[in-house]
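Trainee: Before we discuss this model, could you show me the sequence and the structure together?

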Amino acid sequence: MSTSKYLLRRVLQAVVVIVIVTIVVFGLLHALPGGPARGILGPQATAQQITAFNHEQGLDKPLPVQYFYYLNQLLHGDLGTSYTLNEPVSQLITERLPKTLLLTVLSAVVGLVLAIPLGMWQAMRRNKPADYIITTLSFIAYSTPVYFLGLVLVLVFSQALSWFPSQAPQGDTLAQVFSEPQALVLPVVAGAASMIAVFSRYMRAATLENLSEDYVRTARAGGSRSRAILWRHVFRNSLTPVVAMLGYYVPVLFGGALVVEQLFNYPGMGLLFWTAAQSSDYPVLLGCVLVIAIATVTGTLLADIVQRVIDPRVKAGRA
Amino acid sequence: MSAVIQPGQVPGKATATVTASGARLAARRFRRNRLAVVGLGVVAFFFLFCFVGPLVYSTDQTHTLLQQVNLAPSGSHWLGTDAVGHDVLGRLMYGGKVSLIVGLAAGVLATVIGTLWGAVAGYAGGWIDAVMMRVVDAGIAIPALFILLVVSAITTPDLTGLIVILGFVSWLVPSRLIRAETLSLKNRDYVLTLRAIGGTHARAIIRHILPNSVSTIIVAATFQIADAILLVAYVSYLGLGVQPPSTDWGGMLSAGLTAAYSGYWWLIIPPGLAIILVVWAFNAIGDGLRDAFDVRGRG
């Protein structure tokens, strides 16, 4: 398949996935007890008020018609209005999303910078004590609920040792957030832990696979030093599946951010979502879900494209 | 396998014997994986601890006992007591039952849904497969924690409801694995033969595709149970948990969150370690099974 044809098909798939997500979100909005009218007018509203509201908002029209109204709104960037904060959901998300992206990107970078060399190092020492110890630690990190890890971090590094504050930066702008770097340490570590676990395992497996390939043996036979082979060939070839995995990891990062933001009181989209859930602010909840889903689908799409561009084997349909 | 079928021979019987000796081989390979064997031991220990433990170590887990609140670990309460006077060691057994049952049931349910979905999609192929897998993509695009938090805004489920909800947010990964397996199986001779002699699609899936994917399914289920137990730990934290006086390990952790800042470490460390150990153990077992059966699964 030619690259352009492949790209077209992948983008089309991504669009279909996003349409399915909008159907799910729309369905959820209408499956709510009492529907959107009950949500907006509150539990005290009478049946007449609800009927009048439904008529006014077009909610008594057939569902497919309503869905197309909803889709039309979305295409114009309208995600509805928050029940409790009385602000457009799109505006709330635009304010909060950059902070969440900052947190997730920092966690991802820290996670990868540690996980990639760790995985390669393990592969070089396969089945030696160091490998077993790191494998066990990875499994433990993967098995730890993020909120438990965050709590232990706060108890140790904030309460007992007073090294880092227990609360994340509270600033509204990214510049303000960056002005308190020490306050970002614990949230980023909590967000990066499971990532280190997963990606070091992945890098270890990929490196082992590459080390057994013919080209490594050829290079060795040709007299190249192990270190040179490792960095010049194995490293680059092992990175490809890791990049692909990164795209699939976007939802996990967002899930982690939800917990981390709540735990460290970091005013990003995760905390917005959390408070919205406490007050049953459905437009905010569903708007966030939609934004996260689009981010994930885009992430996966980019990972697939990057993988195709950097790995010639994928193009040939071998991997 | 020959495409010629003898009268009276039941297709699939031949593979059953292969599986039996394969199982012995797999068992031998599993036993050689030390971490997996330790994992099996840890799981066995926690089942005994939670289900037999209370018979040996009997504690009151229903009444509020104000005269013994937040006591530090001592000879009479090995792991201390919590904010309403419940013995923490006893509570660890009591809450563990819920965590293990819900985790196991939700993990198995997720695997069943994922297996059926993946097998049908892979077997059907064409546009049915395309649509079914885009639904999976859409599901994966919405993180489970977010869905669970939305659900918690709408309703508080009972135990069965909780299992169903957890099962329905975590079937996506197994569905992809089983679909891949089905794609490689559906053009085998025995499936084609069955179709040629007039067997139905349902029979092809139930009698051939699923039995031949059993090792993939078992491995997927083990990892799924690990993930489900971890997810159960989040449930109380997200406001969906089982209602007091009942509890689970996640509920104990959430209840101890604020108390931990006052130095009551014994309220959070025991349930936290229990969750980590059991989730680790199921992951180690899954790792061992995957290597033993030599199937592809998650890294």
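Trainee: Which residues does Ile229(B) touch, not counting residues up to four places away in sequence?

Mentor: In this predicted model, Ile229(B) touches Ser99(B), Gly103(B), Ile275(B), Val278(B), Val279(B) and Phe282(B). Ile229(B) itself lies in helix H11 of chain B, which spans residues 214-237.

Trainee: Why is Ile229(B) called buried?

Mentor: A residue is buried if 20 or more other C-beta atoms lie within 10 Å of its own. Ile229(B) has 27 C-beta neighbours inside 10 Å, and therefore counts as buried. For the chain as a whole, buried residues make up 47% of the 299 residues in chain B.

Trainee: How far apart are Ile229(B) and Val279(B) in sequence and in space?

Mentor: They are 50 residues apart in sequence, while their C-alpha atoms are 6.5 Å apart in space. Across chain B, among contacts between residues at least 6 apart in sequence, 75% join residues at least 24 apart.

Trainee: How many helices and how many strands are there in chain B?

Mentor: Chain B has 13 helices and 0 strands.

Trainee: What makes up the contact between chain A and chain B, and which classes of residue are found on the side of chain A?

Mentor: Chain A gives 37 residues to the contact and chain B gives 33 residues. On the side of chain A that touches chain B, the largest share, 7 residues, comes from H1(A). By class, that side of chain A has 29 nonpolar, 7 polar and 1 charged residues.

Notes:
Residues are numbered from 1 along each chain as its sequence is written. Chains are lettered from A and ligands numbered from 1 in the order in which they are written. This is a predicted model: local features need pLDDT of at least 70, side-chain atom pairs count only at pLDDT 80 or more; totals for chains, interfaces and linings use all residues. Two residues are in contact if their C-beta atoms, placed from the backbone, lie within 7 Å. Helices (H or I, at least four residues) and strands (E, at least two) are DSSP runs, numbered from the N terminus. Ala, Val, Leu, Ile, Met, Phe, Trp, Tyr, Cys and Pro count as nonpolar, Asp, Glu, Lys and Arg as charged, and the others, Gly among them, as polar. A residue is buried if 20 or more other C-beta atoms lie within 10 Å of its own, exposed if 12 or fewer, and partly exposed in between; C-beta atoms are placed from the backbone.
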